[in-house]
Amino acid sequence: VVATGIVLSPLVLDSLAAGTPAVDPPAVERRDDGEPIQPLPPAPALDARQVALGRRLFGDKRLSADRSVACTSCHDLSAGGADTLRTSKGVGGVQTLVNTPTIFNLAFNSRVNWSGTYATLDAHMADLSANPIVMKASWEGVAKELRDDPAYAAAFREAFPEGLTPASLRAALVAFERSMVTPNAPFDRYLAGQKDALPEEAQEGYRLFKAYGCSSCHQGVNVGGNMFQTFGVMGSFFEERGTPETDADQGRFNVTKKESDRHVFRVPSLRNVARTAPYFHDGSAPTLGSAIAVMARYQLGRSLTSREIASLVAFLTSLNGETPKGGA
Amino acid sequence: VTPRALGGAAAGLALLAFLAYQGRPLDVKEHEATTRRLRQASTLSEALQKDVLRLRQGEIASYDPLDSEIAALREIHRALSSPPRFLGPDAKADLAARVADSAALLQSTSEAVETFKSKNAVLRNSLAYLAAMGPETTGALAGSADGQRLAEELNRLLRDVLSYSLTSREALAPACQSRVDALRGEGQMPGGVSRRDVDLLLDHVVKTLQTKPPLDAAVERILSPAATSKVEGLHRSYEAAHDTAQRRVQRYRAALFGAALLGVSLGGLLVIRRLSRDAAALRRLNDEKNEFLGIAAHDLKNPLSTISGYTSLLLEDEEMDAAERREVHKKVLLASQRMILLIKNLLDVNAIEQGEVKLHVIALDLAALARDVHESFREKAAKKSQPLRLEGDRFLPVRADRDALIHVLDNLVSNAVKYSPSGKPIVVTLSQGPLGGRCAVKDEGPGLSAEDQRKLFGKFARLSARPTGGEHSTGLGLSIVKRMVEAMGGKVWCESALGAGSTFGVDLPEANPAELAATSPEDAPARSSRWASVEE
C-alpha cells in the first residue's frame, strides 16, 4: 500500500493542483494616431437570446408601475434612441427633470446619465426601475408579474440558467443596451481612410471642431461620454439662459455635493447628435446650430459665424451611424 | 494481522494522507493569474501616468485610454481582493489589506484623473485661443498710432501666461493677474480693435491662471510615485507570501517522502520478522515431528519386540505346557493391546489437531462427573495404598463436551495415581474458578522441575518423573488433555515444584444451572468409547 502510494503520489498531488480559471481584466485598446476621435468598434460579443429578450423588455409597458410607459416611450429606437421633447413624460405622465439622452453606443461611455451618477450600465439599471419619475416600479415586482407570462418564462429559462429573476431581467436589458451600436457613420468611414465619405463642408467642420477646442471634451470613440465638464467655462450660461435655475441644473453637484461640481455635467457623446434634438440637459437648444452656438459661447469663449456653424453641423451630421439592427 | 498492526497501518496512512494534502502543489493557475494581474497592474499604472503626461503635452487627444486603464485597474483590484487560497491566513489578510490600500489610492487617483480631464480641456482651449487670437489682436494694436504701449502690454502678458502655463514659475501668476486688471481698465481700444475681443483674450488669460494650479495638482497626484510603488509593494509582498507557501509545501513534501520511506522500511522489517518467525516455528514443528517419529517408533518397537520374542519362544520351545503357553499368549496379547492404545492415542491427537473432532458442548455438572471418575479410581489407588479424597463443591455447572471432560478428568487422576508414590494422598478439589468451574488434582509425588513444567503439555513429553507402580505412559496424555480443554474454551494448568508434589487443574466456562437441568439427565455412561482409555 505504502509503495503504491509513493509511486502514485506525484499523480495524486498533481491532480490536486487543478486550478480555478483566471478572469483577465479587459484589454485596453489603443489608437495613437493623434486624432481625438476613433471609429466605433463593433458591438461587444453578446448572447443573442439575452439581447432579444432585452429588446422585448425594452418595449414592454409592464415595466412601469401603471403600465403606461415602456423604455421605448422615451428612447425611440427609430429616432436616434431618444425622443424629440425638451423633457419627457415618465410614469403617470410625470415630467422628467432632464432631456432624455440616447441609448445608442452606451457600451462605450464610461459614465451613465447627465450627472454621471453611474459608472456602469448595470448599476444604472439597478436603480432605474424604482425611479419615481421613470418607472416607479421594482425589479422584484416586474419579475413577479412577467413570470406569469409563459412566453417570457420560457425564453428566460433558455437565455439564463437561473431563469427569470430581477437580476436576469436587468442583465437582459443591459445586454440589449450594449448591443445598440451605430456603426459605419460617414465620419468613421472617413477615419478609416475613405476620404470621399466626408463632404468638403464636413471636413472643414471637423477642422474647426479641433481648432476651436470642441474636441478637447468631445473626443474618444464616442466623441464624448467619457469625462465631466462645467457648463459655462467661459460664461454664465445659467444666468443668461432666461429661465430660473433648477435642481437639475446643478448637475454633478447633486451626486457629489462638492461645490466644484456645481453645473458640472457628463460631456455627452455627439454620435447621432443630429438625430437627437433638442439639446442639453434642459433641452434648451432646439436645433443643432443653436446648440453649437451656445457651446462656442459658453465653453470656448468664441462667437462663430453662421458659415462655421453650418460646417460644424455638417461634420456632426456625419457622425450619424447606421441604426442598430432590430432597432427600427 | 493484529488489531494493533491494523491501527498502526491506519494511523500511518492517515499521516501520509495528511502530509500529501499539505504537500499538494500550489494552484499554479491561481498563482499565474495573480502574478499576471500584479504585472498588469504595474503596467497599467505606468501606462496611466504616461498617458496623462502625453495628454498634458497634447501628444494624444482622447481620454478613452485613461478610462480603460482605470477600469482595468479596478477590475484587477477586485480580482486581487480575494487572495489565492493557498496562502496562509496571515499572508491572506496582509495581502487583502494591501489590496484595499492600493484600491483606495486608485480611487483617489481616478478622482484626480477626472479633474485632470476637465481642467486639461479648459487649459488647452484657452491656450489655443490665446495662440490663435493673441497675435492678431496685438498686431492690430501695434499697427495703430497710439496702440504701441497696449500692444506691448498685451504681448508681455501673453508671453508670461504662455511661460506660466509651461513652467512652474508660480510667481508669474500674480504679475499676470495685475496686468489683466490694468488692461481691463484701459477703456476703448485703438486701431479698430474691439474692446470685446481684448476682454475675451483677458478671459482666456484668467481661465489659464485659474485652471493651471488645479490641473498641476491633479497631474502631481496621478504621477505620484506612491501609485506605482504601492502596486510594486503589493507585487513584492505577494511574491514573499508565495515563497513562504512554496517552502511550506516543500517541507511537507520532504516529510511525506521521509514518512513513506520509513513506512516502507518498517513494513519490510515486519515482513522479515514475520518470515523468520514462521521459519523458526516450522523448524520447531519439524524437530517435533522428528522427535515424535523417533519416540513413536521406539515405543512401538518395545511391544513388537516383546510380541516377536514370545512368538518365537512359542514356536521354538516345544516343551512348554498349555499353562505356560497360555501365560506367554497373555503377554503377547498385552503387548499388542499396548500398541493399539498407543496408536489410538496418536490418532486422537491427530484428529484433534486436524480439527476432525466435533465437540458437543453442553451444560454439565463438573462435580458429578468428578465423583464418577473418583469412584472409578478408588480401587486402583487402594492398591497403591494411596488415600484418594474428593473435596469441595457438590454442584459446579460448566459448559463442556461430556466424553472429552471425562477423558480429561480420567487422565488427571490417572496421572496422579501413576506418578505418586505408594501411601501418599491424592486430593481432588472442586471449586469456583476464574472461568467458572475448577477441578484440581493434587498429589504428593516428586514434583516437576520448571523445565518439565514447560514441556508438560507437549507431545511425547518425557519428563524426569517416572510411574511409581510399573505403569506405562505414552507421553501423549497431557497433550491430548490440553487440546481438548482448549477446544472447549477452558484452560489446563499445573503448579508444582521439585519435591513438593504437583497440582494439575482444569478450568471450564460457567454454565447456567437452569440450562443444566433442561439438557442433562444424569444417565449417560461415565466412560466413553470415543476416547482411548488412559488405562492400560
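The model is predicted.

The interface was examined first. Here 53 residues of chain B are in contact with 42 residues of chain A. Together the two chains bury about 3700 Å². Carbon and sulfur atoms give 58% of that area. Three residues, B:Ala61, B:Asp64 and B:Asn125, supply 13% of the area that chain B buries against chain A, more than any other three residues.

Polar contacts and salt bridges were then counted across the interface of chain B and chain A. The rule finds 12 residue pairs in polar contact, both residues being at pLDDT 80 or more. It finds 0 salt bridges. Several helices of chain B supply at least two residues each to the side that touches chain A. Among them are helix 1 (3–22), helix 2 (28–57) and helix 8 (225–316). By class, this side of chain B has 23 nonpolar, 9 polar and 21 charged residues.

Aromatic rings come next. Over all chains, the structure holds 17 aromatic pairs. In one pair, the ring centres of A:Tyr152 and A:Phe156 are 6.3 Å apart. Their planes meet at 40°, so the pair is tilted. Both residues lie in helix 6 (residues 150–159) of chain A, 4 residues apart, about one turn of the helix. A:Tyr152 and A:Phe156 are both buried.

A second pair joins A:Phe237 and A:Phe280, with ring centres 6.3 Å apart. The planes of these rings are at 70°, so the pair is edge-to-face. This pair links distant parts of the chain, 43 residues apart. A:Phe237 belongs to helix 10 (residues 237–240) of chain A, while A:Phe280 sits in the loop between strand 2 (264–266) and helix 12 (288–300). A:Phe237 and A:Phe280 are both buried. They also belong to one aromatic cluster, together with A:Phe231, A:Phe238, A:Phe265 and A:Tyr298.

The backbone was considered last. Most residues other than glycine have a negative phi, and most peptide bonds are trans. The peptide bond from A:Ala277 to A:Pro278 is cis, with omega near -5°. A:Pro278 lies in the loop between strand 2 and helix 12 of chain A. A:Asn272 is found in the loop between strand 2 and helix 12 too. Phi of A:Asn272 is positive, near 60°. This residue is buried, with a relative accessible area of 0%. A:His263 has a positive phi as well, near 65°. The place of A:His263 is in the loop between helix 11 (253–256) and strand 2. Its relative accessibility is 17%, so A:His263 counts as buried, the cut-off being under 20%.

Terms used
Residues numbered from 1 in each chain as written. Chains lettered and ligands numbered in written order. Predicted model: local features only at pLDDT ≥ 70, side-chain atom pairs only at ≥ 80, totals over all residues. Heavy atoms only, no water. Contact = heavy atoms within 4.5 Å. Buried area = accessible area lost by both parts, 1.4 Å probe. Salt bridge = Lys/Arg side-chain N within 4 Å of Asp/Glu carboxyl O. Polar contact = N/O pair within 3.5 Å; in protein donor to acceptor, adjacent residues only side chain to side chain. Nonpolar A, V, L, I, M, F, W, Y, C, P; charged D, E, K, R; others polar. Phe/Tyr/Trp six-rings, centres within 6.5 Å; stacked < 30°, edge-to-face > 60°. Buried < 20%, exposed > 50% of the residue type's maximum accessible area, 1.4 Å probe, protein only.
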